[in-house]
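Here is a short report on one protein chain. Please keep the sequence and the 3D view at hand while reading.

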Amino acid sequence: MRKMLVIGIGAGNPEYVTIQAVKALNTVDVFFVMDKGGVKGELTRLRRDICDRYVEGADYRIVEVPDPERDRGAPAYQAAVEDWHQKRADLLEQLIDTELADDGCGAILVWGDPSLYDSATRVVDRIVAGGRLQLDYEVIPGITSVQALAARHRIALNGIGQPVHITTGRQLSGGVAEDLDNVVVMLDGGLACQGIDQDSFDIYWGAYLGTEDEILVSGHLSEVVGNIATLRSGARAGKGWMMDTYLLRRRRPQP
Ligand SMILES: C[S@@+](CC[C@H](N)C(=O)[O-])C[C@H]1O[C@@H](n2cnc3c(N)ncnc32)[C@H](O)[C@@H]1O
């Protein structure tokens, strides 16, 4: 039976790749890469670097295809994303069928960890559920950008005994519920924390975590957000793309 591995490769530093992932990488015959093109192509290059660095020997192939387009103008966000997942599943199924031997092992390398804002497990699930291919699959965890953020700021994400909420910039623009004290924000194209009650939060911000371009800023949101906005737009202009994550921690009066 064919096997697919969904391998988390960590969010930036090649040394975030775990020993389990290295062992898994070395069993792969074909790596499937859906290239988003443009600046995101840099992430494809980083995946290639990881194969070069960790795979012994060269008896593997990399099959690269352009990622299907997602309809970003569609009014129904959920439906548009589901439609995109189906297109990715159809494409991957066809590639597995034509590029992977009946007893071969294929892999998708996922930035960070597959459990966090990534479609790979859903896409492979769809293929398995479709039943047209006999496929076994396994997920190898990786270090997320959220863990990298916490480590680089030397903080715990939660206050003592408190929960942690992980969300997107899109959701944050609706405000922060009063009972949320620790909010991690990802996928934020426009620094949505500028629109919340800045006096009530501290921020721990990190861009390009784990890479040589990493930038870290922390402090009272109202005092540092202007600096973050300036750094962010400068870095985005220089590199052509931005990838940042941050923790908002509510300031509560000390007992
Ligand atoms: C599609 S999600 C993928 C998350 C990934 N699966 C993970 O485990 O971190 C992309 C978002 O992750 C965050 N991210 C990923 N890598 C990052 C990095 N090296 N530095 C800062 N943020 C990062 C950003 O918020 C970015 O918008």
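How many of the 7 residues of strand S1 (residues 2-8) are buried? The count is 6, so the strand is mostly covered, buried being under 20% relative accessible area. The model is a predicted one.

## Strand S1 and its partners

S1 has strand S5 (residues 135-140) as a partner, and 6 bridges join the two. They run parallel. Within this pairing, Met-4 faces Tyr-137 of S5.

Strand S4 (residues 105-110) is also joined to S1, again by 6 bridges. This pair, too, runs parallel. Here Met-4 stands opposite Gly-106 in S4. In general, the strands of a sheet pair through backbone hydrogen bonds, in parallel or antiparallel fashion.

## Ala-24 in helix H1

Helix H1 covers residues 19-25 and contains Ala-24. Is Ala-24 buried or exposed? Its relative accessible area is 8%, and the cut-off for buried is under 20%, so Ala-24 counts as buried.

With neighbours within four places in sequence left aside, Ala-24 is in contact with Leu-5, Ile-7 and Ile-140. Val-139 lies 115 residues away from Ala-24 along the chain, yet their C-alpha atoms are separated by 9.9 Å.

## The open sheet

Which strands make up the open sheet, and in what order? There are 5, arranged S6-S7-S10-S8-S9, with mixed pairing. Strand S6 (165-168) and strand S9 (215-220) are the edge strands, and each pairs on one side only. On average, neighbouring strands of this sheet are turned by 15° against each other, direction ignored.

Strand S8 (residues 201-207) and strand S10 (residues 244-250) run antiparallel and are joined by 7 bridges.

## Ile-166 on strand S6

Ile-166 belongs to strand S6. Its relative accessible area is 34%, which lies between the 20% and 50% cut-offs, so Ile-166 is partly exposed.

Apart from neighbours within four places in sequence, Ile-166 is in contact with Leu-116, Tyr-117, Val-184 and Met-186.

Helix H5 (residues 145-153) lies across strand S7 (182-186), S8, S9 and S10. H5 runs at about 110° to S8. Which residues of H5 are buried? They are Ser-145, Val-146, Ala-148, Leu-149, Ala-150 and His-153. Their cover includes S7, S8, S9 and S10. An α-helix has 3.6 residues a turn, so residues three or four places apart point the same way. Arg-154 follows H5 and has a positive phi, near 55°.

Helix H7 (residues 221-239) lies across S8, S9 and S10. H7 runs at about 160° to S9.

## The second largest pocket

The second largest pocket holds about 330 Å³ of space. It is lined by 19 residues, and those closest to its centre are Gly-12, Arg-45, Leu-46, Thr-211 and Glu-212.

Which element gives the most to this lining? Helix H2 (residues 41-54) does, with 6 residues. By type, the lining of the second largest pocket has 7 nonpolar, 5 polar and 7 charged residues.

Technical notes:
Residues are numbered from 1 along each chain as its sequence is written. This is a predicted model: local features need pLDDT of at least 70, side-chain atom pairs count only at pLDDT 80 or more; totals for chains, interfaces and linings use all residues. Side-chain values use heavy atoms; hydrogens and water are left out. On a 1 Å grid over the protein atoms alone, a cavity is a set of points where a 1.4 Å probe fits but cannot get out, and a pocket is an open set with protein on both sides within 12 Å along at least five of seven lines; lining residues have an atom within 4 Å of a point. Grid points are joined across faces, edges and corners, and a volume is the space filled by probe spheres set on the points. Helices (H or I, at least four residues) and strands (E, at least two) are DSSP runs, numbered from the N terminus. Ala, Val, Leu, Ile, Met, Phe, Trp, Tyr, Cys and Pro count as nonpolar, Asp, Glu, Lys and Arg as charged, and the others, Gly among them, as polar. Two strands pair if DSSP finds at least two bridges between them. Axes are lines fitted to C-alpha atoms, for helices over the stretch in contact, and angles run from 0 to 180 degrees between N-to-C directions. Contact means heavy atoms within 4.5 Å. Buried means under 20% relative accessible area, exposed over 50%, partly exposed in between (1.4 Å probe, protein chains only).
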